[in-house]
Amino acid sequence: MHVEEELSQAFSALFLEGDEQVEGLDEDLVAYISGMLSSKVAEDEDLDVVEVLEEVLNPFLESVQCPDDLQTKAQSLVKDLLSKHLSNASMSSTKPAAQKLKQGIVSMSSDLTNAAEHENDANRFLWGTEGSVKAMANDLIDAHKDKASAKDKRKVRKAEAEQARKLLSSNKDEDVDGASGGLVRMNYRKVSGNAATDKARDVQVRNVTISLDNGTVLLDAGELKFSYQRRYGLIGENGVGKSTLLRAIAREDGVEGFPKHLRVLHVRQEVPSHLATDLTVIRAVLDSDIERNELMQQEKELLAKLEQAGDEGGLSLQDRRKKLTEQSTEMKELSGDLKKLDQIYARLQVLSSDSAEARASMILSGLQFTHQMQTAPISSLSGGWKMRVALAAALFIAPDLLMLDEPTNHLDLEAVLWLESYLVEYKHTLIVVSHDRGFLNSVCTDIMELKHKKLTYYRGGFDDYVKQRDENTRNKMRAYQAYQSKREHMMEFIDKFRANAKRATMVQSRIKAVEKMDAEAPELVETDQVWRFSIPNAVHISPPWIAINDVSFDYNPVRDDGSKKPENEFLLQQVNFGVAADSRIVILGANGQGKTTLLNLIMGKLKPVKGSVSINPSLRIGHFTQHSSDNFNLKLSAVENLMDMFDAEDQEMRSFLGKFQIQGNDALKPMMLLSGGQKSRVAFAALAYKKPHVLVIDEGSNHLDMGAVDALVEAVQDFKGGVLVVSHDQYFVSKTCSELWVVHEGKATRFRGDFNDYKKFTAEMTQKRVDESMKKIGMMGV
């Protein structure tokens with residue numbers, strides 16, 4: 001059996017047929033990763049299995065949020081299969097096989113030289129040779145020659161990946177810091193000595209310049225000014241440098257002149273992998289506060305030292321001090337330890353150490369961790385829930401400056417609403433990056449806009465920022481128009497009387513006045529181009545479109561012992577639901593309740609265990625998710641991707657992509673070189689070209705900048721068809737949906753009220769859950 005078939009069968013048994021299935025992982029993805037691993041085996045004669053795991057398998061499993069135990073099983077499985085295959089291959093290798101390999105490499109080189117012109121253009125762009133200027137080393141290209149060994153080719157691939165990373169870093173902010181591996185890190189400035197008691201917690205640093213490794217300047221002579229206990233929203237287009245700025249602030253040497261005494265913590269938006277997986281969730285949160293842990297360890301050591309010196313453990317601190325003063329000279333040497341102990345207790349009190357367990361449990365409960373999940377090991381969690389652990393740890397530490405990068409991306413709406421209420425009461429300074437303007441309106445007291453390499457500050461939430469920005473723009477435009485009008489009037493006089501000797505003095509006076517005006521002229525106001533797109537209307541079809549009748553579903557309807565699971569334990573139970581031409585439906589509920597599963601049933605991707613799903617055979621469904629741009633082959637251009645998807649002509653696709661501002665070289669170069677926003681526009685183009693009857697949008701606003709969210713909102717509002725949405729973005733939901741359905745404990749029921757009513761309802765339910773969890777923690781301990 002071929003190695004690809006073996007891998008595919010083994011992965012299917014592990015991921016798709018086992019007891020613990022990975023939601024979102026299907027047969028197509030299993031075939032994809034099996035093919036990737038198989039191709040590695042085919043092209044490398046001295047394959048390093050560990051390297052394959054690190055380069056191919058592990059990143060793939062992390063991207064689908066595979067639990068740690070399944071990752072370990074998959075790694076062991078791949079090791080065994082590949083080792084077995086390589087062992088067999090080495091025993092049967094012969095000279096003709098080596099010659100065949102050599103011929104294959106020569107053939108590949110020949111194919112490269114016979115590539116089409118647009119492919120050559122893309123290759124020139126990748127190699128940095130456009131415009132006849134060769135920017136990269138010849139040895140990268142020469143590595144493709146037929147004499148290259150497999151080991152040399154692996155070096156070449158790594159070098160190419162590094163070059164691509166550098167190219168991408170100029171377009172895509174989040175690709176910077178490749179050395180960190182893209183892991184979530186909670187950067188934390190340690191506090192020592194008297195610095196912990198320093199009351200100066202405002203931040204003001206001038207002439208701050210932030211640049212990428214390739215020299216691209218993101219912030220030029222900007223000013224950082226954060227007033228203590230204010231909450232700042234950092235906004236700007238994707239790739240402008242928001243995340244890089246936060247990382248620079250978090251590093252101890254990142255911003256020259258930044259106060260060293262502040263506790264600064266930065267939680268990035270990627271899924272964490274550095275958490276200790278052997279700890280329980282609540283223990284990991286408690287152990288995350290480094291300063292608290294160090295102080296408690298010092299307290300323990302000092303108390304032990306006092307006990308050894310003959311101090312009686314039952315005495316109070318005051319009695320210990322009295323006893324020490326009455327003892328010998330040797331004992332008096334310990335008075336310094338008692339003073340230090342006083343300082344430790346004072347600092348622990350500031351850190352609210354005595355209520356640590358209750359605070360940790362309250363935070364976890366607010367983020368939708370049940371009591372059972374709080375006491376479970378981190379290894380049992382998916383990537384999204386691990387991200388919540390990192391967020392919970394950050395809130396628990398409560399640093400002087402807390403920086404959150406897209407904290408809502410991995411949360412459901414219930415957790416987002418709780419986080420809003422928690423951050424509004426945050427006692428210190430907060431900086432948050434978010435694409436959810438509803439979240440920014442609720443949380444922020446100030447907005448910082450990073451644009452044109454400058455930071456501009458506005459008072460109020462996001463809506464207040466928009467009003468102030470637009471008013472400032474209007475005032476600047478009026479000032480510029482007044483300058484232009486006055487200048488034109490004076491130049492008219494100058495031109496009319498320039499040759500008139502009698503008015504020479506007046507003309508010279510006007511010329512000097514114009515020169516002075518030009519030197520002090522207001523800047524020409526550049527208004528941002530507003531981009532919008534539309535989804536063409538589909539051909540009319542008669543109802544009904546989609547009908548779900550008494551549907552029950554579970555991924556494991558049969559238990560391990562072979563018995564059938566009762567229907568009242570199914571993930572979804574007796575769901576009745578329908579989608580029509582005028583539907584504007586949002587499906588709400590906590591993560592794990594079955595929202596995405598319901599969407600997959602509606603789209604026919606899953607079959608119900610009981611009941612029926614009826615879909616009009618003429619119906620076309622457009623599916624847009626936060627990962628839609630990941631469905632493209634990034635080695636191909638946008639034109640090539642869409643031609644493959646829709647079997648269309650080259651010129652037709654170029655013209656269609658032009659409506660989405662993907663034009664010229666952007667349409668032809670590999671998509672790996674497009675910015676995040678450009679990839680989203682290609683995904684929008686693919687959605688629109690399909691001309692769907694029904695839009696299914698699953699967290700579609702995630703990772704989009706606000707301009708792209710506005711474009712998607714208006715496209716959905718103007719769309720003449722059914723709309724079905726799963727989203728935690730309050731602005732997106734409130735602008736696109738009028739019918740609310742809630743999935744909870746197996747049931748899907750319509751909520752009789754508007755979105756604000758639902759927010760109030762879920763806030764009350766979350767608070768009850770928080771109170772119950774804290775009671776259990778109080779009774780059982782940690």
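User: How many disulfides does the structure hold, and what makes a pair of cysteines count as one?

Analyst: The structure, which is a predicted model, holds 0 disulfides. A pair would count if its cysteine sulfur atoms were within 2.5 Å.

User: Are Cys444 and Cys737 buried or exposed, and how do you know that?

Analyst: Buried means under 20% relative accessible area. Cys444 has 7% relative accessibility and therefore counts as buried, and Cys737, at 13%, counts as buried too.

User: Why is the contact of Arg437 with Asp710 called a salt bridge?

Analyst: A side-chain nitrogen of Lys or Arg has to be within 4 Å of a carboxyl oxygen of Asp or Glu. The closest N and O atoms of Arg437 and Asp710 are 2.8 Å apart, and the pair therefore meets that limit. The pair links distant parts of the chain, with Arg437 in helix 19 (residues 437–443) and Asp710 in helix 27 (residues 706–718), 273 residues apart. Both partners fall under the 20% cut-off for buried, because Arg437 has 9% relative accessibility and Asp710 has 18%.

User: What makes Asp554 and Lys565 a salt bridge, and which parts does the pair tie together?

Analyst: The N to O distance between the side chains of Asp554 and Lys565 is 3.1 Å, which is within 4 Å. Asp554 and Lys565 lie in the loop between strand 10 (546–553) and strand 11 (572–579), so the pair ties together parts that are 11 residues apart in sequence. Asp554 is buried, because its relative accessibility is 10%.

User: Are Glu569 and Arg559 buried or partly exposed, and how do you know that?

Analyst: Partly exposed is the range between under 20% for buried and over 50% for exposed. Glu569, at 42% relative accessibility, therefore counts as partly exposed, and Arg559, with a relative accessible area of 36%, is partly exposed as well. The side chains of Glu569 and Arg559 meet in a salt bridge with an N to O distance of 3.0 Å. This pair too is found in the loop between strand 10 and strand 11, its residues being 10 residues apart.

User: How many salt bridges does the structure hold, and which residues are linked in a network?

Analyst: The structure holds 19 salt bridges, and Arg230, Asp446 and Arg459 are linked in a network of them.

User: Why is Asp48 called partly exposed, and where is Asp48 found?

Analyst: Asp48 has a relative accessible area of 35%, which lies between the 20% and 50% limits, and is therefore called partly exposed. Asp48 is found in the loop between helix 2 (27–43) and helix 3 (49–63). The C-alpha atoms of Asp48 and Ser83 are separated by 9.5 Å, and these residues are 35 residues apart along the chain.

Notes: Residues are numbered from 1 along each chain as its sequence is written. This is a predicted model: local features need pLDDT of at least 70, side-chain atom pairs count only at pLDDT 80 or more; totals for chains, interfaces and linings use all residues. Side-chain values use heavy atoms; hydrogens and water are left out. Buried means under 20% relative accessible area, exposed over 50%, partly exposed in between (1.4 Å probe, protein chains only). Helices (H or I, at least four residues) and strands (E, at least two) are DSSP runs, numbered from the N terminus.
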